[in-house]
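Here's a quick briefing for anyone meeting this structure for the first time. Take a look at the fold, then work through the notes below.

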Amino acid sequence: MTEHPHVEIYTKEDCPYCDKAKDLFDEKGVEYETYNVTGDEELFEEMVERANGRKTAPEVFIDDELVGGWDETSALDETGELDEKLGIARADGGNGDAKGRSEGGGGDPEHRKLIVSGSGIAGLTAAIYAARANNDPLVLQGDEPGGQLTLTTEVENYPGFPEGISGPDLINNMQEQAERFGADVEMGIIEDVDDTSRPFRVELSNGKVFTTDALIAASGASARTLSIPGEDELMGYGVSTCATCDGAFFRDEEMVVIGGGDAAFEEATFLTKFAEKVYLVHRREEFRAEDYWQDRVQEKVEDGDIEIMKNTEVTEIHGSPEGGVSHVKMVTHPEGRPTEKPDHPETEAFDFDVGAVFLAIGHTPNTGYLEGTGVRLDEDGYIRTAGGKGGGQTKTDVPGIFGAGDVVDYHYQQAVTAAGMGCKAAIDADEYLETAEVGGASAAQESAALSDD
Ligand code: NDP
(Lines give C-alpha, C1' and ligand atoms only; values in the text may rest on other atoms or scores of the structure.)
Protein backbone atom coordinates (compact mmCIF):
# COMPACT_ATOMS: atom_id res chain seq x y z
CA MET A 1 0.00 0.00 0.00
CA THR A 2 1.25 3.48 -0.87
CA GLU A 3 2.17 5.68 2.06
CA HIS A 4 0.50 9.08 1.75
CA PRO A 5 1.98 12.15 3.38
CA HIS A 6 0.47 13.30 6.66
CA VAL A 7 -2.50 15.57 5.94
CA GLU A 8 -3.94 17.76 8.69
CA ILE A 9 -7.01 19.99 8.33
CA TYR A 10 -8.04 22.55 10.92
CA THR A 11 -11.79 22.93 10.73
CA LYS A 12 -14.60 24.63 12.56
CA GLU A 13 -18.30 24.02 12.87
CA ASP A 14 -20.67 25.39 10.19
CA CYS A 15 -17.79 25.79 7.79
CA PRO A 16 -18.69 25.04 4.16
CA TYR A 17 -15.13 25.45 2.91
CA CYS A 18 -13.92 23.00 5.58
CA ASP A 19 -16.39 20.47 4.19
CA LYS A 20 -15.16 21.16 0.67
CA ALA A 21 -11.56 20.57 1.74
CA LYS A 22 -12.49 17.31 3.45
CA ASP A 23 -14.54 16.21 0.43
CA LEU A 24 -11.57 16.88 -1.82
CA PHE A 25 -9.27 14.60 0.18
CA ASP A 26 -12.07 12.03 0.52
CA GLU A 27 -12.44 12.00 -3.28
CA LYS A 28 -8.75 11.34 -3.57
CA GLY A 29 -8.96 8.55 -1.02
CA VAL A 30 -6.40 10.34 1.14
CA GLU A 31 -6.69 10.03 4.90
CA TYR A 32 -6.38 13.15 7.01
CA GLU A 33 -6.60 14.29 10.58
CA THR A 34 -9.06 17.05 11.46
CA TYR A 35 -8.81 19.43 14.36
CA ASN A 36 -12.03 21.25 15.14
CA VAL A 37 -11.11 24.64 16.58
CA THR A 38 -14.66 25.64 17.52
CA GLY A 39 -14.73 26.38 21.23
CA ASP A 40 -11.08 25.32 21.70
CA GLU A 41 -9.00 28.44 22.25
CA GLU A 42 -5.71 26.56 22.50
CA LEU A 43 -6.26 24.71 19.24
CA PHE A 44 -7.40 27.91 17.57
CA GLU A 45 -4.21 29.71 18.68
CA GLU A 46 -2.17 26.75 17.41
CA MET A 47 -3.89 26.97 14.00
CA VAL A 48 -3.35 30.72 13.75
CA GLU A 49 0.34 30.33 14.63
CA ARG A 50 0.90 27.49 12.16
CA ALA A 51 -1.03 29.39 9.45
CA ASN A 52 1.20 32.45 9.85
CA GLY A 53 -1.47 34.47 11.57
CA ARG A 54 -4.43 33.68 9.30
CA LYS A 55 -7.68 33.48 11.21
CA THR A 56 -9.73 31.46 8.81
CA ALA A 57 -10.67 27.83 8.40
CA PRO A 58 -9.92 25.46 6.90
CA GLU A 59 -6.15 25.48 7.10
CA VAL A 60 -4.56 22.48 5.39
CA PHE A 61 -1.08 21.10 6.09
CA ILE A 62 0.75 18.37 4.24
CA ASP A 63 3.71 16.91 6.10
CA ASP A 64 3.72 19.93 8.38
CA GLU A 65 3.93 22.33 5.44
CA LEU A 66 1.17 24.94 5.16
CA VAL A 67 -0.92 24.52 2.02
CA GLY A 68 -3.46 27.16 3.07
CA GLY A 69 -7.21 27.54 3.04
CA TRP A 70 -9.72 26.24 0.52
CA ASP A 71 -8.69 28.69 -2.21
CA GLU A 72 -5.03 27.70 -2.05
CA THR A 73 -5.82 23.99 -1.74
CA SER A 74 -8.21 23.93 -4.68
CA ALA A 75 -5.83 26.07 -6.78
CA LEU A 76 -3.06 23.56 -6.10
CA ASP A 77 -5.41 20.78 -7.04
CA GLU A 78 -6.22 22.48 -10.32
CA THR A 79 -2.58 22.58 -11.38
CA GLY A 80 -1.97 18.97 -10.33
CA GLU A 81 0.53 20.06 -7.68
CA LEU A 82 -1.66 18.81 -4.86
CA ASP A 83 -1.56 15.29 -6.25
CA GLU A 84 2.20 15.61 -6.67
CA LYS A 85 2.52 16.61 -3.03
CA LEU A 86 0.31 13.68 -2.08
CA GLY A 87 2.23 11.34 -4.33
CA ILE A 88 -0.87 10.10 -6.13
CA ALA A 89 -2.16 9.79 -9.67
CA ARG A 90 -4.89 12.29 -10.45
CA ALA A 91 -8.18 11.44 -8.76
CA ASP A 92 -10.14 12.99 -11.64
CA GLY A 93 -8.93 10.37 -14.04
CA GLY A 94 -6.88 12.88 -16.02
CA ASN A 95 -5.64 10.98 -19.00
CA GLY A 96 -2.43 12.83 -19.68
CA ASP A 97 0.63 14.02 -17.83
CA ALA A 98 1.04 14.83 -14.13
CA LYS A 99 -1.03 17.96 -14.68
CA GLY A 100 -3.84 15.98 -16.18
CA ARG A 101 -3.23 17.31 -19.68
CA SER A 102 -5.03 15.12 -22.11
CA GLU A 103 -3.46 16.54 -25.21
CA GLY A 104 0.09 16.24 -26.36
CA GLY A 105 0.22 12.80 -24.79
CA GLY A 106 -1.71 11.32 -27.68
CA GLY A 107 -4.99 10.75 -25.80
CA ASP A 108 -8.28 11.99 -27.24
CA PRO A 109 -10.27 14.45 -25.18
CA GLU A 110 -13.13 12.76 -23.31
CA HIS A 111 -16.45 13.41 -25.06
CA ARG A 112 -19.62 14.24 -23.12
CA LYS A 113 -23.11 14.79 -24.42
CA LEU A 114 -23.70 17.65 -21.99
CA ILE A 115 -21.42 19.60 -19.67
CA VAL A 116 -22.81 21.80 -16.92
CA SER A 117 -20.38 24.39 -15.64
CA GLY A 118 -21.09 25.11 -12.00
CA SER A 119 -22.47 23.09 -9.13
CA GLY A 120 -24.69 25.65 -7.46
CA ILE A 121 -28.41 25.38 -7.37
CA ALA A 122 -28.87 26.18 -11.10
CA GLY A 123 -26.22 23.69 -12.24
CA LEU A 124 -27.45 20.88 -10.00
CA THR A 125 -31.07 21.40 -10.96
CA ALA A 126 -30.04 21.32 -14.61
CA ALA A 127 -28.14 18.10 -13.87
CA ILE A 128 -31.18 16.46 -12.25
CA TYR A 129 -33.34 17.21 -15.29
CA ALA A 130 -30.61 16.39 -17.83
CA ALA A 131 -29.78 13.09 -16.17
CA ARG A 132 -33.46 12.11 -16.16
CA ALA A 133 -33.58 12.99 -19.88
CA ASN A 134 -30.66 10.59 -20.52
CA ASN A 135 -28.31 13.39 -21.49
CA ASP A 136 -25.57 12.01 -19.26
CA PRO A 137 -24.48 15.35 -17.76
CA LEU A 138 -21.05 16.05 -16.38
CA VAL A 139 -21.14 18.79 -13.76
CA LEU A 140 -17.87 20.66 -13.35
CA GLN A 141 -17.86 22.12 -9.89
CA GLY A 142 -15.89 25.31 -10.49
CA ASP A 143 -13.80 26.97 -7.82
CA GLU A 144 -16.73 27.45 -5.47
CA PRO A 145 -18.30 23.98 -5.32
CA GLY A 146 -21.92 24.23 -4.34
CA GLY A 147 -22.01 27.91 -5.18
CA GLN A 148 -23.23 30.79 -3.06
CA LEU A 149 -25.72 28.72 -1.16
CA THR A 150 -23.01 26.79 0.64
CA LEU A 151 -22.00 30.08 2.24
CA THR A 152 -25.40 30.94 3.62
CA THR A 153 -26.87 29.84 6.90
CA GLU A 154 -30.56 29.05 6.91
CA VAL A 155 -32.51 29.25 3.67
CA GLU A 156 -35.98 30.12 4.86
CA ASN A 157 -37.66 30.98 1.59
CA TYR A 158 -37.03 27.87 -0.49
CA PRO A 159 -40.48 26.36 -1.02
CA GLY A 160 -41.06 22.99 0.57
CA PHE A 161 -39.05 23.50 3.75
CA PRO A 162 -41.42 25.10 6.24
CA GLU A 163 -38.77 25.07 8.97
CA GLY A 164 -36.03 26.30 6.58
CA ILE A 165 -33.00 24.28 5.51
CA SER A 166 -29.30 25.05 5.71
CA GLY A 167 -27.72 26.12 2.40
CA PRO A 168 -25.12 23.30 2.45
CA ASP A 169 -27.82 20.70 3.23
CA LEU A 170 -29.96 21.91 0.32
CA ILE A 171 -26.99 21.70 -2.04
CA ASN A 172 -25.89 18.28 -0.75
CA ASN A 173 -29.43 16.97 -1.23
CA MET A 174 -29.52 18.28 -4.79
CA GLN A 175 -26.17 16.79 -5.65
CA GLU A 176 -27.26 13.43 -4.23
CA GLN A 177 -30.45 13.65 -6.26
CA ALA A 178 -28.55 14.48 -9.47
CA GLU A 179 -26.11 11.62 -8.89
CA ARG A 180 -28.96 9.23 -8.19
CA PHE A 181 -30.16 9.84 -11.76
CA GLY A 182 -26.67 9.31 -13.16
CA ALA A 183 -25.10 12.78 -13.28
CA ASP A 184 -21.33 12.89 -12.77
CA VAL A 185 -20.01 15.65 -10.56
CA GLU A 186 -16.29 16.44 -10.80
CA MET A 187 -13.86 19.07 -9.63
CA GLY A 188 -12.85 21.27 -12.53
CA ILE A 189 -12.77 24.91 -13.59
CA ILE A 190 -13.42 25.71 -17.23
CA GLU A 191 -10.82 28.06 -18.61
CA ASP A 192 -11.75 28.19 -22.24
CA VAL A 193 -14.55 27.16 -24.56
CA ASP A 194 -13.99 26.84 -28.29
CA ASP A 195 -17.34 27.20 -30.05
CA THR A 196 -15.93 27.39 -33.55
CA SER A 197 -16.40 23.68 -34.15
CA ARG A 198 -18.83 20.97 -33.12
CA PRO A 199 -18.54 19.34 -30.68
CA PHE A 200 -17.39 22.26 -28.52
CA ARG A 201 -13.94 21.98 -27.04
CA VAL A 202 -13.82 22.70 -23.32
CA GLU A 203 -10.48 23.24 -21.64
CA LEU A 204 -10.09 23.16 -17.87
CA SER A 205 -7.56 25.11 -15.84
CA ASN A 206 -5.88 21.84 -14.90
CA GLY A 207 -5.19 21.23 -18.59
CA LYS A 208 -7.80 18.54 -19.03
CA VAL A 209 -9.84 18.82 -22.22
CA PHE A 210 -13.36 17.64 -22.98
CA THR A 211 -15.50 17.83 -26.04
CA THR A 212 -19.22 18.27 -25.59
CA ASP A 213 -22.34 18.51 -27.70
CA ALA A 214 -23.96 21.07 -25.43
CA LEU A 215 -22.97 23.29 -22.52
CA ILE A 216 -25.08 24.78 -19.77
CA ALA A 217 -23.26 27.74 -18.25
CA ALA A 218 -24.37 27.88 -14.62
CA SER A 219 -21.13 29.17 -13.20
CA GLY A 220 -22.71 31.71 -10.86
CA ALA A 221 -21.08 34.78 -9.50
CA SER A 222 -18.26 35.50 -7.06
CA ALA A 223 -18.11 37.93 -4.19
CA ARG A 224 -17.11 41.45 -5.15
CA THR A 225 -14.37 43.28 -3.34
CA LEU A 226 -13.67 47.00 -2.95
CA SER A 227 -10.09 47.29 -4.23
CA ILE A 228 -9.09 49.55 -1.35
CA PRO A 229 -5.73 49.65 0.42
CA GLY A 230 -5.31 46.86 2.95
CA GLU A 231 -8.07 44.66 1.53
CA ASP A 232 -5.89 42.12 -0.31
CA GLU A 233 -3.17 42.04 2.31
CA LEU A 234 -5.64 41.39 5.13
CA MET A 235 -7.96 38.99 3.30
CA GLY A 236 -8.09 36.00 5.64
CA TYR A 237 -6.53 38.03 8.46
CA GLY A 238 -9.65 39.89 9.47
CA VAL A 239 -11.11 40.76 6.07
CA SER A 240 -13.59 38.26 4.70
CA THR A 241 -16.33 37.84 2.11
CA CYS A 242 -17.97 35.06 4.10
CA ALA A 243 -19.43 35.77 7.52
CA THR A 244 -20.63 32.19 7.89
CA CYS A 245 -17.11 30.91 7.35
CA ASP A 246 -15.08 33.33 9.40
CA GLY A 247 -17.37 35.12 11.84
CA ALA A 248 -16.63 32.85 14.79
CA PHE A 249 -12.91 33.67 14.61
CA PHE A 250 -13.51 37.23 15.65
CA ARG A 251 -15.47 36.53 18.78
CA ASP A 252 -16.00 39.57 21.00
CA GLU A 253 -14.53 41.91 18.41
CA GLU A 254 -16.29 44.89 16.92
CA MET A 255 -17.08 44.05 13.30
CA VAL A 256 -17.94 46.05 10.21
CA VAL A 257 -20.25 44.66 7.53
CA ILE A 258 -20.25 46.63 4.28
CA GLY A 259 -23.32 46.64 2.02
CA GLY A 260 -27.01 47.47 1.99
CA GLY A 261 -28.54 44.37 0.39
CA ASP A 262 -29.97 41.15 1.76
CA ALA A 263 -26.53 39.59 2.10
CA ALA A 264 -25.22 42.42 4.27
CA PHE A 265 -28.31 42.35 6.45
CA GLU A 266 -28.21 38.58 6.80
CA GLU A 267 -24.51 38.61 7.63
CA ALA A 268 -24.84 41.44 10.12
CA THR A 269 -27.63 39.53 11.88
CA PHE A 270 -25.58 36.31 11.88
CA LEU A 271 -22.47 38.04 13.22
CA THR A 272 -24.26 39.35 16.30
CA LYS A 273 -23.79 35.80 17.66
CA PHE A 274 -20.09 36.49 18.00
CA ALA A 275 -19.46 40.21 17.80
CA GLU A 276 -19.14 42.70 20.60
CA LYS A 277 -21.02 44.93 18.20
CA VAL A 278 -21.70 44.93 14.45
CA TYR A 279 -21.55 48.13 12.41
CA LEU A 280 -23.51 47.93 9.19
CA VAL A 281 -21.90 50.41 6.82
CA HIS A 282 -23.83 51.46 3.73
CA ARG A 283 -22.89 54.04 1.14
CA ARG A 284 -26.28 55.70 0.84
CA GLU A 285 -29.55 56.31 2.71
CA GLU A 286 -31.84 53.61 1.25
CA PHE A 287 -31.30 49.90 1.53
CA ARG A 288 -31.90 47.22 -1.06
CA ALA A 289 -32.52 44.59 1.61
CA GLU A 290 -36.02 43.18 1.74
CA ASP A 291 -38.34 44.23 4.59
CA TYR A 292 -37.89 40.88 6.30
CA TRP A 293 -34.16 41.51 6.80
CA GLN A 294 -34.63 45.18 7.59
CA ASP A 295 -37.04 44.20 10.40
CA ARG A 296 -34.61 41.63 11.80
CA VAL A 297 -31.75 44.10 11.77
CA GLN A 298 -33.96 46.74 13.37
CA GLU A 299 -34.61 44.36 16.27
CA LYS A 300 -30.84 43.98 16.72
CA VAL A 301 -30.40 47.74 16.53
CA GLU A 302 -32.94 48.12 19.32
CA ASP A 303 -31.04 45.52 21.37
CA GLY A 304 -27.81 47.47 20.84
CA ASP A 305 -26.15 44.64 18.89
CA ILE A 306 -26.07 46.43 15.51
CA GLU A 307 -25.44 50.04 14.67
CA ILE A 308 -26.23 51.29 11.18
CA MET A 309 -23.86 53.78 9.58
CA LYS A 310 -25.56 55.19 6.49
CA ASN A 311 -23.98 57.39 3.82
CA THR A 312 -20.61 56.01 4.79
CA GLU A 313 -17.86 54.15 2.92
CA VAL A 314 -14.73 52.35 4.03
CA THR A 315 -11.70 53.62 2.13
CA GLU A 316 -8.75 51.87 3.83
CA ILE A 317 -8.26 48.84 6.05
CA HIS A 318 -5.36 48.84 8.49
CA GLY A 319 -3.68 46.09 10.44
CA SER A 320 -1.19 43.29 9.88
CA PRO A 321 -1.30 39.57 9.18
CA GLU A 322 0.08 38.98 12.68
CA GLY A 323 -2.31 41.25 14.56
CA GLY A 324 -5.34 41.22 12.22
CA VAL A 325 -7.43 44.28 11.45
CA SER A 326 -6.88 47.21 13.81
CA HIS A 327 -8.95 49.97 12.28
CA VAL A 328 -10.49 51.25 9.07
CA LYS A 329 -10.68 54.66 7.51
CA MET A 330 -14.16 55.80 6.58
CA VAL A 331 -15.72 58.78 4.87
CA THR A 332 -19.22 60.07 5.27
CA HIS A 333 -21.41 62.62 3.56
CA PRO A 334 -25.04 63.43 4.47
CA GLU A 335 -26.19 62.80 0.90
CA GLY A 336 -24.40 59.49 0.45
CA ARG A 337 -21.69 58.12 -1.82
CA PRO A 338 -19.02 60.14 0.00
CA THR A 339 -16.10 58.79 -2.04
CA GLU A 340 -17.58 60.56 -5.06
CA LYS A 341 -17.39 63.90 -3.20
CA PRO A 342 -13.92 63.93 -1.64
CA ASP A 343 -13.56 67.73 -1.68
CA HIS A 344 -17.06 68.62 -0.58
CA PRO A 345 -17.05 70.61 2.69
CA GLU A 346 -19.56 68.20 4.27
CA THR A 347 -17.45 65.11 3.51
CA GLU A 348 -15.78 63.88 6.67
CA ALA A 349 -13.05 61.27 6.96
CA PHE A 350 -12.40 59.47 10.23
CA ASP A 351 -10.67 56.43 11.69
CA PHE A 352 -12.73 53.68 13.24
CA ASP A 353 -11.42 50.81 15.41
CA VAL A 354 -12.66 47.34 14.40
CA GLY A 355 -11.40 43.78 14.58
CA ALA A 356 -12.91 42.41 11.37
CA VAL A 357 -14.41 43.60 8.09
CA PHE A 358 -16.99 41.60 6.12
CA LEU A 359 -17.72 42.56 2.54
CA ALA A 360 -21.25 41.94 1.32
CA ILE A 361 -21.37 44.20 -1.72
CA GLY A 362 -22.74 41.88 -4.34
CA HIS A 363 -21.22 39.59 -6.92
CA THR A 364 -19.55 39.49 -10.31
CA PRO A 365 -20.63 36.80 -12.80
CA ASN A 366 -18.12 34.06 -13.57
CA THR A 367 -18.08 34.28 -17.36
CA GLY A 368 -14.41 34.85 -18.19
CA TYR A 369 -14.23 31.44 -19.90
CA LEU A 370 -16.91 32.51 -22.39
CA GLU A 371 -15.06 35.58 -23.60
CA GLY A 372 -14.01 35.04 -27.18
CA THR A 373 -16.98 32.79 -27.90
CA GLY A 374 -20.12 33.96 -29.64
CA VAL A 375 -21.98 34.05 -26.32
CA ARG A 376 -23.06 37.61 -25.81
CA LEU A 377 -22.32 39.13 -22.40
CA ASP A 378 -23.59 42.47 -21.13
CA GLU A 379 -21.28 45.22 -19.92
CA ASP A 380 -21.12 43.67 -16.44
CA GLY A 381 -20.30 40.22 -17.80
CA TYR A 382 -23.74 38.62 -17.37
CA ILE A 383 -24.80 36.22 -20.12
CA ARG A 384 -27.58 37.46 -22.38
CA THR A 385 -30.10 34.73 -22.99
CA ALA A 386 -33.13 34.76 -25.26
CA GLY A 387 -35.65 35.11 -22.40
CA GLY A 388 -39.24 35.87 -23.26
CA LYS A 389 -42.09 33.41 -23.50
CA GLY A 390 -42.14 29.88 -24.84
CA GLY A 391 -39.29 27.42 -25.18
CA GLY A 392 -35.65 28.33 -25.64
CA GLN A 393 -35.53 31.05 -22.99
CA THR A 394 -32.07 29.98 -21.81
CA LYS A 395 -30.49 29.95 -25.30
CA THR A 396 -27.45 32.15 -25.76
CA ASP A 397 -26.24 33.48 -29.10
CA VAL A 398 -24.40 30.20 -29.64
CA PRO A 399 -26.67 27.27 -30.44
CA GLY A 400 -25.90 24.52 -27.96
CA ILE A 401 -24.76 26.86 -25.16
CA PHE A 402 -27.36 27.76 -22.53
CA GLY A 403 -27.23 30.02 -19.49
CA ALA A 404 -28.87 29.61 -16.08
CA GLY A 405 -28.73 31.07 -12.58
CA ASP A 406 -26.72 34.00 -11.26
CA VAL A 407 -24.51 34.01 -14.34
CA VAL A 408 -27.56 35.30 -16.23
CA ASP A 409 -29.70 36.88 -13.58
CA TYR A 410 -28.58 40.13 -11.98
CA HIS A 411 -32.03 40.87 -10.69
CA TYR A 412 -33.81 38.05 -8.87
CA GLN A 413 -30.78 36.02 -7.72
CA GLN A 414 -32.83 33.73 -5.55
CA ALA A 415 -32.25 30.04 -4.93
CA VAL A 416 -35.63 29.17 -6.30
CA THR A 417 -35.27 31.28 -9.45
CA ALA A 418 -31.83 29.76 -10.09
CA ALA A 419 -33.36 26.30 -9.75
CA GLY A 420 -36.11 27.27 -12.18
CA MET A 421 -33.60 28.49 -14.73
CA GLY A 422 -31.50 25.36 -14.32
CA CYS A 423 -34.59 23.31 -15.12
CA LYS A 424 -35.36 25.43 -18.19
CA ALA A 425 -31.77 25.16 -19.43
CA ALA A 426 -31.85 21.36 -19.16
CA ILE A 427 -35.11 21.22 -21.12
CA ASP A 428 -33.76 23.63 -23.76
CA ALA A 429 -30.54 21.61 -24.00
CA ASP A 430 -32.55 18.41 -24.37
CA GLU A 431 -34.53 19.89 -27.24
CA TYR A 432 -31.31 21.04 -28.88
CA LEU A 433 -29.67 17.65 -28.47
CA GLU A 434 -32.75 15.95 -29.90
CA THR A 435 -33.08 18.17 -32.95
CA ALA A 436 -29.66 19.55 -33.84
CA GLU A 437 -27.18 17.50 -35.80
CA VAL A 438 -24.65 17.77 -33.05
CA GLY A 439 -21.14 17.11 -34.22
CA GLY A 440 -22.12 17.98 -37.75
CA ALA A 441 -21.95 21.18 -39.69
CA SER A 442 -25.60 22.07 -39.41
CA ALA A 443 -25.52 22.93 -35.72
CA ALA A 444 -22.52 25.13 -36.23
CA GLN A 445 -24.27 26.92 -39.01
CA GLU A 446 -27.51 27.49 -37.16
CA SER A 447 -28.31 31.13 -37.08
CA ALA A 448 -27.88 33.03 -33.82
CA ALA A 449 -30.81 32.44 -31.53
CA LEU A 450 -31.26 35.94 -30.27
CA SER A 451 -32.44 39.14 -31.74
CA ASP A 452 -30.79 42.36 -30.71
CA ASP A 453 -33.64 43.78 -28.64
P1 NDP B 1 -27.05 43.40 -3.79
O2 NDP B 1 -26.57 43.75 -5.13
O3 NDP B 1 -28.51 43.28 -3.52
O4 NDP B 1 -26.50 44.48 -2.75
C5 NDP B 1 -25.17 44.87 -2.77
C6 NDP B 1 -25.02 46.03 -1.82
O7 NDP B 1 -23.65 46.39 -1.78
C8 NDP B 1 -25.82 47.24 -2.25
O9 NDP B 1 -26.47 47.82 -1.16
C10 NDP B 1 -24.75 48.16 -2.84
O11 NDP B 1 -25.01 49.51 -2.61
C12 NDP B 1 -23.54 47.76 -2.04
N13 NDP B 1 -22.32 48.00 -2.82
C14 NDP B 1 -22.03 47.52 -4.05
N15 NDP B 1 -20.82 47.95 -4.45
C16 NDP B 1 -20.36 48.72 -3.44
C17 NDP B 1 -19.17 49.44 -3.26
N18 NDP B 1 -18.21 49.48 -4.19
N19 NDP B 1 -19.00 50.11 -2.10
C20 NDP B 1 -19.96 50.10 -1.14
N21 NDP B 1 -21.11 49.43 -1.26
C22 NDP B 1 -21.31 48.74 -2.40
O23 NDP B 1 -26.24 42.07 -3.40
P24 NDP B 1 -26.54 40.96 -2.28
O25 NDP B 1 -25.36 40.07 -2.35
O26 NDP B 1 -26.89 41.56 -0.99
O27 NDP B 1 -27.81 40.20 -2.83
C28 NDP B 1 -27.79 39.66 -4.14
C29 NDP B 1 -29.07 38.89 -4.39
O30 NDP B 1 -29.11 37.75 -3.53
C31 NDP B 1 -30.34 39.70 -4.11
O32 NDP B 1 -31.29 39.40 -5.06
C33 NDP B 1 -30.77 39.22 -2.76
O34 NDP B 1 -32.17 39.29 -2.60
C35 NDP B 1 -30.27 37.78 -2.76
N36 NDP B 1 -30.00 37.33 -1.37
C37 NDP B 1 -31.04 36.87 -0.65
C38 NDP B 1 -30.87 36.49 0.66
C39 NDP B 1 -32.05 36.00 1.42
O40 NDP B 1 -31.94 35.70 2.55
N41 NDP B 1 -33.20 35.92 0.85
C42 NDP B 1 -29.55 36.54 1.31
C43 NDP B 1 -28.51 37.08 0.47
C44 NDP B 1 -28.74 37.47 -0.82
P45 NDP B 1 -26.16 50.29 -3.41
O46 NDP B 1 -27.44 49.82 -2.77
O47 NDP B 1 -25.86 51.72 -3.16
O48 NDP B 1 -26.02 49.89 -4.83
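In which sense do strand 1 and strand 2 pair, and over how many bridges? They pair in the parallel sense, with four bridges between them. Keep in mind that this is a predicted model. The protein splits into domain 1 (7-86), domain 2 (110-222 + 363-451) and domain 3 (239-359), and the notes below start with a sheet of four strands.

**The four-stranded sheet**

- This open sheet runs in the order 2-1-3-4, and its pairing is mixed.
- Out at the edges you'll find strand 2 (33-36) and strand 4 (65-68), each of which pairs on one side only.
- On average, neighbouring strands here are turned by 25 degrees against each other, ignoring direction.
- In the parallel pair made by strand 1 and strand 2, Y10 sits opposite Y35 of strand 2.
- Strand 3 (residues 59-62) takes the antiparallel sense with strand 4, and three bridges link the two.
- V60 faces G68 of strand 4.

**Helices lying across that sheet**

- Helix 1 (residues 16-27) lies across strand 1 (7-11), strand 2 and strand 3, and it runs at about 160 degrees to strand 1.
- Together, strand 1, helix 1 and strand 2 build a β-α-β unit, and that unit is right-handed.
- Helix 3 (residues 70-79) lies across strand 3 and strand 4, running at about 95 degrees to strand 4.

- Strand 19 (residues 324-332) and strand 20 are joined by six bridges in the antiparallel sense.
- Look for H327, which stands opposite D353 in strand 20.

**Around the ligand**

- The ligand is surrounded by 19 residues, and the closest are G260, G261, A263, G362 and Q413.
- Helix 9 (residues 262-271) gives the largest share of this shell, with four residues.
- By type, the shell holds six nonpolar, seven polar and six charged residues.
- The C-alpha centres of domain 2 and domain 3 are 34 Å apart.

- A57 and P58 are joined by a cis peptide bond, with omega at about 5 degrees.
- P58 belongs to the loop between helix 2 (41-50) and strand 3.
- N52 is also in the loop between helix 2 and strand 3, and its phi is near 55 degrees, a positive value in a residue other than glycine.
- Another cis peptide bond runs from R198 to P199, where omega is near -5 degrees.
- You'll find P199 in the loop between strand 10 (190-194) and strand 11 (200-204).

Technical notes:
Residues numbered from 1 in each chain as written. Predicted model: local features only at pLDDT ≥ 70, side-chain atom pairs only at ≥ 80, totals over all residues. Pairing = 2+ DSSP bridges. Axes fitted to C-alpha atoms, helices over the stretch in contact; angles between N-to-C directions. Contact = placed C-beta atoms within 7 Å. Near = placed C-beta within 6 Å. Nonpolar A, V, L, I, M, F, W, Y, C, P; charged D, E, K, R; others polar. Domains from an automatic or database assignment. Right-handed = clockwise from strand over helix to strand, strands pointing away.
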